[in-house]
Amino acid sequence: MDTILDILDELKPGVDWRGRTDLVDGRELDSLTIISLVAELEDAFDVVVPAVEIVPENFNSLEGIWALVRRLREQGL
């Protein structure tokens, strides 16, 4: 999860990412930032994030992003 925090801090510094459950709904993460985040996650964790997984539920919180990465790794994507 620390790697995800590092990526988020690099993409958008100054945001308190922990404990938030409205990162997309509260517009901390916009569509361009999410696309950059997906690319960084794919590189960092050697996964492929399918387009169907790019939904607010997967990106509204740090925990949601981490759960997505774990699920993709388990599925071998």
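Predicted model: local features only at pLDDT ≥ 70, side-chain atom pairs only at ≥ 80, totals over all residues.
**Helix packing**

Two packed helices are described by the angle between their axes and the distance between the axes. Helix 1 (residues 2–11) packs against helix 2 (residues 31–45) at about 145°. Their axes lie 10 Å apart. The crossing is right-handed. Helix 1 makes the contact through Thr3, Ile4, Ile7, Leu8 and Leu11. Helix 2 contributes Thr33, Ser36, Leu37, Glu40, Leu41, Ala44 and Phe45. By class, this contact has 8 nonpolar, 3 polar and 1 charged residues.

**Salt bridges**

Side chains of opposite charge can pair when their charged atoms come close. The structure holds 5 salt bridges.

| Salt bridge | Closest N and O atoms |
|---|---|
| Arg18 with Asp2 | 3.8 Å |
| Glu28 with Lys12 | 3.5 Å |
| Glu53 with Arg71 | 2.7 Å |

Arg18 sits in the loop between helix 1 and helix 2, while Asp2 is in helix 1, 16 residues apart. Asp2 counts as exposed because its relative accessibility is 53%, over the 50% cut-off.

Glu28 and Lys12 both lie in the loop between helix 1 and helix 2, 16 residues apart. Glu28 is buried at 19% relative accessibility. Lys12 is partly exposed at 27%. Both residues also belong to a network of salt bridges with Arg20 and Asp22.

Glu53 is in the loop between helix 2 and helix 3 (56–59), and Arg71 is in helix 4 (residues 62–75), so this pair ties together parts 18 residues apart in sequence. Glu53 is buried, at 16% relative accessibility. Arg71 is partly exposed, with a relative accessible area of 28%.

Terms used
Residues numbered from 1 in each chain as written. Heavy atoms only, no water. Axes fitted to C-alpha atoms, helices over the stretch in contact; angles between N-to-C directions. Helix = DSSP H or I, 4+ residues; strand = E, 2+ residues; numbered from the N terminus. Left-handed = near helix turned anticlockwise from the far one by under 90°. Contact = heavy atoms within 4.5 Å. Nonpolar A, V, L, I, M, F, W, Y, C, P; charged D, E, K, R; others polar. Salt bridge = Lys/Arg side-chain N within 4 Å of Asp/Glu carboxyl O. Buried < 20%, exposed > 50% of the residue type's maximum accessible area, 1.4 Å probe, protein only.
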